[in-house]
Amino acid sequence: MKIFIDTADVKEIKRLNSIGIIDGITTNPSLIAKEGRNFEQVVKEITSIVNGPISAEAISLDAEGMITEAKKLSKIHKNIVVKIPMTSEGIKAVRVLEKEGIKCNVTLVFSVTQALLAAKAGASFVSPFVGRIDDIGKKGMDVVKDIIETYKNYDFKTEIIVASVRNLEHVKEAGLLGADIATIPPQIIDEMFKHELTDKGIKKFLEDWDKVKSK
Ligand code: E4P
């Protein structure tokens, strides 16, 4: 499973990318706004750090506006993927952009039928938001499971990004289901490394080593 970082925080991206397990980045307008910096500057800086797909979102609501924004964004760097919201106008834009070689990530996806439309339009990526589905009392990972099954029926090439990841259970289930990608906030990536028995084990090894090292 590929791991993307779900943040626009350049410091965090540098820190986690240096470990060598990061395959790409996703941003959205809320994550960019949190940084309080110029959108294009942030995106450009991210492209200079991570060599992989970098999602940057279009904010227009009509296809024409999305296409104009997407063309501008794609000029920033070859790795830019344009995030397009799941609407009929969005799907119209995705068809045009993918045909022109601009990769799209259809975002704000909450159902299999939406994911079907994204794949039919030729989207490179689709992002089901599992955490937000959980928030309304349904099971986000069930939607991911159904999207995977449905895509297999038709051999769609659209890669599934498990998004709106809120905990380690989401990451584990994404792996068990064989999702292509999980985009994960930095603090949850940090949690992935941890286990109390690892800490306990290291402590014990060091204590035992201390007893013999001077012998
Ligand atoms: C990533 O592509 C999404 O924009 C992000 O995961 C949304 O996460 P949230 O539901 O926690 O805002």
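## A polar contact to start

A polar contact is a pair of N or O atoms within 3.5 Å. In this predicted model, the side chains of Thr26 and Asp6 form such a contact, at 2.8 Å. Both residues return below, around the ligand.

## Overall build

The protein contains 11 helices and eight strands. Its C-alpha trace spans about 75 × 40 × 30 Å along the principal axes. Of its 215 residues, 47% are buried. The protein exposes about 11,700 Å². Carbon and sulfur atoms supply 55% of that area.

Take the contacts between residues at least 6 apart in sequence: 58% of them join residues at least 24 apart. Gly131 and Lys215 are 84 residues apart along the chain, and their C-alpha atoms are separated by 54 Å.

Strands of a sheet pair through backbone hydrogen bonds, either parallel or antiparallel.

Two pairs show the pattern in detail. Strand 1 covers residues 2-6, and strand 2 covers residues 24-26. Three bridges join them in the parallel sense. Here Phe4 stands opposite Gly24 of strand 2. Strand 5 and strand 6 also run parallel, joined by three bridges. In that pair, Val106 stands opposite Val126 of strand 6.

Strand 6 is covered on both faces. Phe125 and Ser127 are buried on one side, and Val126 and Pro128 are buried on the other.

Leu108 lies in strand 5. Its phi is near 60°, a positive value in a residue other than glycine. Leu108 has a relative accessible area of 30%, so it counts as partly exposed.

## The ligand site

Which residues surround the ligand? They are Asp6, Thr26, Asn28, Lys83, Phe129, Arg132, Ala163, Ser164 and Arg166. For Asn28 the distance is 2.7 Å. For Lys83 the distance is 2.6 Å. For Arg132 the distance is 2.6 Å. Taken alone, the ligand exposes 340 Å², and the protein buries 84% of that.

Ser164 sits in the loop between strand 7 (159-162) and helix 9 (168-177). Ser164 is not a glycine, yet its phi is positive, at about 60°. Is Ser164 buried or exposed? It counts as buried because its relative accessibility is 10%, and the cut-off for buried is under 20%.

## Thr26 and its neighbours

Thr26 belongs to strand 2. Its relative accessibility is 1%, so Thr26 counts as buried. Residues up to four places away in sequence aside, Thr26 touches Phe4, Ile5, Asp6, Thr7, Leu31, Ser55, Lys83, Asn105 and Thr183. Among them, Asp6 is the partner in the 2.8 Å polar contact between side chains.

## Gly131 beside the site

Gly131 is found in helix 7, which covers residues 130-135. At 1% relative accessibility, Gly131 also counts as buried. Which residues does Gly131 touch, not counting those up to four places away in sequence? The answer is Ala163, Ser164, Arg166 and His170.

Notes
Residues are numbered from 1 along each chain as its sequence is written. This is a predicted model: local features need pLDDT of at least 70, side-chain atom pairs count only at pLDDT 80 or more; totals for chains, interfaces and linings use all residues. Side-chain values use heavy atoms; hydrogens and water are left out. Two strands pair if DSSP finds at least two bridges between them. Helices (H or I, at least four residues) and strands (E, at least two) are DSSP runs, numbered from the N terminus. A residue is near a molecule or strand if one of its heavy atoms lies within 4 Å of it. A polar contact is a pair of N or O atoms within 3.5 Å; within protein, one must be able to donate a hydrogen and the other to accept it, and residues adjacent in sequence count only if both atoms are side-chain atoms. Accessible areas come from the Shrake-Rupley method with a 1.4 Å probe; for residues, only the protein chains shown count as cover. Buried means under 20% relative accessible area, exposed over 50%, partly exposed in between (1.4 Å probe, protein chains only). Contact means heavy atoms within 4.5 Å.
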